[in-house]
Amino acid sequence: MSINSIILSTGSYLPTKILTNADLEKMVDTSDEWITQRSGIKQRHIAADNETTGDMAIAAAQNALKDSGLTPDDIDGVIVATTTPDRTFPSVAVKVQAELGIKTGLAFDVQAVCTGFVYALSVADNFIKLGQAKNILVIGAEKMSSLLDWTDRTTCVLFADGAGAVILQAKENNDVKENKLDGQGIHSTHLYANGKQRDMLQTSGGVSTTGERGVIEMQGREVFKYAVQYMADVVGEVLTHNNITPEDIDWLVPHQANIRIIESTAKKLNMDMDQVVATVDHHGNTSAASIPLALDEAVRSGKIKRGQMLLIEAMGGGLTWGAALVRF
Ligand code: UT7
């Protein structure tokens, strides 16, 4: 008997406040035209001052739990991907665990910046496949606005806030005999990092250096170049590893940093943009929250249907990158 991890349900949360490109034109020397052409972003959600990453993670998790048919007692793991925790410690995950009334199991945060959700999904998948957990809440939640220098036009127009969640559930996979890939769930995950590139996208401070959280510093053009290369490499690896062709994939669900990076990955896969879940125009770059936010939107709107094959991919600070092949 083999165990697979299926996505039982999805959920998300976006702060009420919307910041448009027109609003940003009043704050820094930029234009709607520049932001739209270079990134594809038109507007983004920004958390209220007293709204934390944990608050957003809890709202997204409650949403996913409601649609799962499970109770808090069924959940035996909470993994939160975040770069912007409420406190240096303890983790956002333990706050989610307590606030949802989950009584047992593991709870911790994963830090891989914009690739965080793919890392967290992979970690949860491995716990489930090893039989160490049955139902894990995997959340991506970020308050990136708290890491922005609002006078730096090269970063403040890009990043945003929000949270998304999935519940991964263990499912016996012995009903699928013909083709293993027909089975529901996560078929493979692929994670990478190149720490030599860590200063390309970083904060200007931290707990054990400056003692302050710092603000985002990004060598945009360089990061863009590697994003295009690494995304092409890793989606190619997913195809080869699973012995499939782009025609076997129904939806590309990419990290939402820049529409030009997304288009380049779709082109590499010979996929039309109508097979790509693109939310960057109205979500902006919400780092680890971007994939589960996009996934939840596409599931709730009826775009993504049960049984369809999803290719999830992300790239971010570290540099880190990764992908997952999932039959929904
Ligand atoms: O999610 C984690 C991973 N992050 C990413 O994937 C982001 C990757 N990078 C990018 O998405 C793009 O590099 C950006 C959207 C950040 C920038 O686009 P670009 O086409 O690479 O522009 P650039 O950085 O080469 O800048 C072009 C020009 C510069 O002026 P000069 O030096 O050519 O005179 C910038 O100073 O645009 C200027 N510029 C702006 N102009 C108006 C930079 N930011 C702005 C702005 N408004 N907000």
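**Figure 1. Leu319 lies in the loop between β12 and β13 (320–327).** In this predicted model, local features are reported at pLDDT of at least 70 and side-chain atom pairs at pLDDT 80 or more, whereas totals for chains, interfaces and linings use all residues. Residues are numbered from 1 along each chain as its sequence is written, and side-chain values use heavy atoms, without hydrogens or water. The peptide bond joining Gly318 to Leu319 is cis, and its omega is near -20°. Elements are DSSP runs numbered from the N terminus (helices, H or I, at least four residues; strands, E, at least two).

**Figure 2. Asn243 adopts a positive phi.** The angle is about 55°, although Asn243 is not a glycine. The residue is placed in the loop between α7 and β11 (251–254). Most residues other than glycine have a negative phi, and most peptide bonds are trans.

**Figure 3. The largest pocket lies between the two domains, because domain 1 (2–173) and domain 2 (182–327) both give residues to its lining.** The domain bounds come from an automatic or database assignment. A pocket is an open set of points on a 1 Å grid over the protein atoms alone, where a 1.4 Å probe fits and protein lies on both sides within 12 Å along at least five of seven lines; lining residues have an atom within 4 Å of a point. The lining of the largest pocket comprises 39 residues, and Thr83, Thr84, Pro85, Leu147 and Arg213 are those nearest the centre. Two or more lining residues come from each of β5 (106–110) and β9 (201–203), with β9 giving the most, three residues. Twelve residues of this lining are nonpolar, 18 are polar and nine are charged; Gly counts as polar, and Tyr, Cys and Pro are among the nonpolar residues.

**Figure 4. The second largest pocket also lies between domain 1 (2–173) and domain 2 (182–327), since both give residues to its lining.** Its 33 lining residues include Leu158, Met218, Gly220, Arg221 and Asn258, which lie nearest the centre. At least two residues of this lining come from each of α2 (32–39), α6 (153–156), α7 (220–242), α8 (259–268) and β12 (309–316). Helix α7 supplies the largest share, six residues. The lining of the second largest pocket is made up of 16 nonpolar, eleven polar and six charged residues.

**Figure 5. The ligand is surrounded by 23 residues.** Thr30, Arg221, His255, Asn258 and Asn285 are the closest of these residues, a residue being counted if one of its heavy atoms lies within 4 Å. The protein buries 76% of the 950 Å² that the ligand exposes when taken alone (Shrake-Rupley method, 1.4 Å probe).
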